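Here is a short briefing for a first look at a structure. Keep the sequence and the 3D view at hand while reading.

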Amino acid sequence: MSDFLQKYKIYESEFECALATRCAEMNYEPSILTESMRYSLLLGGKRIRPVLFLSTLAAYGYDYRKEMGFAIALECVHTYSLIHDDLPAMDNDDFRRGKASSHKAFGEANAILAGDALLSYAFDLMFSACGQSPRHILAAKELSCAAGAEGMIAGQSADLYYSGKNVGKEELDFIYRNKTGKLLAAPIVMAGILAGGEIEQLRAFGESLGYLFQLTDDLLDVKGDEKAMGKTLGKDEREEKLTCIKIFGLERAERMAEEYTEKCFRLLEDLKGADTLFLKELTKFILKREN
């Protein structure tokens with residue numbers, strides 16, 4: 001196993017332990033609410049957002065273990081978005097990470113409520129940390145903006161609105177920047193705020209990484225392995241979603257993924273006072289990912 005994968009596993013396993021502890025402490029009534037919240041949080045996945053947050057803190061020599069509450073909040077927001085994304089009114093997917101989606105396991109209404117509860121729980125976690133310093137307040141605000149009408153929700157709304165419409169790169173960039181980019185940039189910027197890093201440089205890197213992530217997501221929907229992905233593939237074309245492949249074609253989209261990888265590398269090279277080796281390897285990991 002490479003040094004990168006070993007480090008990734010360390011961040012991931014430490015996060016999973018903290019998450020399992022939090023889930024064990026959940027005790028909401030009726031019990032189906034607790035069960036449905038735990039179900040989706042513990043389905044697994046790559047934990048990209050928490051790992052980005054923890055590893056960016058570590059890049060500045062900051063003790064990342066002190067900020068597991070924010071890491072869990074990030075995953076709660078991401079998980080809530082996946083629960084709602086899978087609903088019949090949205091992407092209508094019966095599977096998530098190879099298992100039944102929340103609405104298939106618990107019913108549509110319970111899935112909506114589980115997503116709502118996870119979003120609120122994320123803010124409970126962050127409010128608990130905000131008394132530590134003004135930087136914690138700014139980090140919490142960063143996630144709030146990235147997840148809401150100035151970020152992910154705007155991107156999801158545009159993704160639905162532009163499906164089947166004859167639009168182009170400007171609309172595509174809006175979707176990529178907001179639907180995926182801002183929630184991938186948020187953990188990096190949040191870590192930079194806490195550790196005293198170069199915020200705008202980190203934001204530029206995070207947004208470029210988010211664009212790369214969405215590019216690879218769209219590519220995998222065309223050429224990925226359904227078993228490895230753990231969800232239904234080919235849905236973008238069937239639902240006439242606005243994607244880079246639809247606008248530019250498969251070969252150009254693949255070249256763009258390489259170009260955004262190089263852009264991420266350049267942005268990381270300009271960062272001062274940070275050990276960016278792991279973040280560079282993580283960028284390559286996102287480019288080459290299979291799920």
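The points below cover a helix pair, a cavity, a pocket and an aromatic pair.

This is a predicted model, in which local features need pLDDT of at least 70, side-chain atom pairs count only at pLDDT 80 or more, and totals for chains, interfaces and linings use all residues. Residues are numbered from 1 along each chain as its sequence is written, and side-chain values use heavy atoms, with hydrogens and water left out.

**Helix 10 and helix 15**

- Helices are DSSP runs (H or I, at least four residues), numbered from the N terminus.
- The axes of helix 10 (residues 199–223) and helix 15 (residues 277–288) come within 9 Å and cross at roughly 20°. Axes are lines fitted to C-alpha atoms over the stretch in contact, with angles from 0 to 180 degrees between N-to-C directions.
- The two helices are therefore roughly parallel to each other (angles under 35 degrees).
- Helix 10 brings Phe 205, Leu 209, Leu 212, Phe 213 and Thr 216 to the contact, and helix 15 brings Leu 279, Thr 283, Ile 286 and Leu 287 (heavy atoms within 4.5 Å).
- This contact has 7 nonpolar, 2 polar and no charged residues. Ala, Val, Leu, Ile, Met, Phe, Trp, Tyr, Cys and Pro count as nonpolar, Asp, Glu, Lys and Arg as charged, and the others, Gly among them, as polar.

**Cavity and pocket**

- On a 1 Å grid over the protein atoms alone, a cavity is a set of points where a 1.4 Å probe fits but cannot get out; a pocket is an open set with protein on both sides within 12 Å along at least five of seven lines; lining residues have an atom within 4 Å of a point.
- Grid points are joined across faces, edges and corners, and a volume is the space filled by probe spheres set on the points.
- The count is 1 cavity of 30 Å³ or more.
- The largest cavity has a volume of about 70 Å³. Its lining includes Tyr 39, Asp 86, Arg 96 and Arg 97.
- Helix 4 gives the largest share of that lining, 3 residues.
- The second largest pocket holds about 230 Å³ of space. Among its lining residues are Thr 216, Glu 254, Leu 287 and Arg 289.
- Helix 10 supplies the largest share of this pocket's lining, 4 residues.
- The pocket lining has 4 nonpolar, 1 polar and 6 charged residues.

**Aromatic pairs**

- The structure holds 12 aromatic pairs (rings of Phe, Tyr and Trp, its six-membered ring, with centres within 6.5 Å).
- The ring centres of Tyr 8 and Phe 285 are 5.4 Å apart with planes at 50°, so the pair is tilted (planes under 30 degrees apart count as stacked, over 60 as edge-to-face and the rest as tilted).
- Tyr 8 lies in helix 1 (residues 3–25) and Phe 285 in helix 15, so the pair ties together parts 277 residues apart in sequence.

Definitions and conventions:
Angles under 35 degrees count as roughly parallel, over 145 as roughly antiparallel, 65 to 115 as roughly perpendicular and the rest as oblique.
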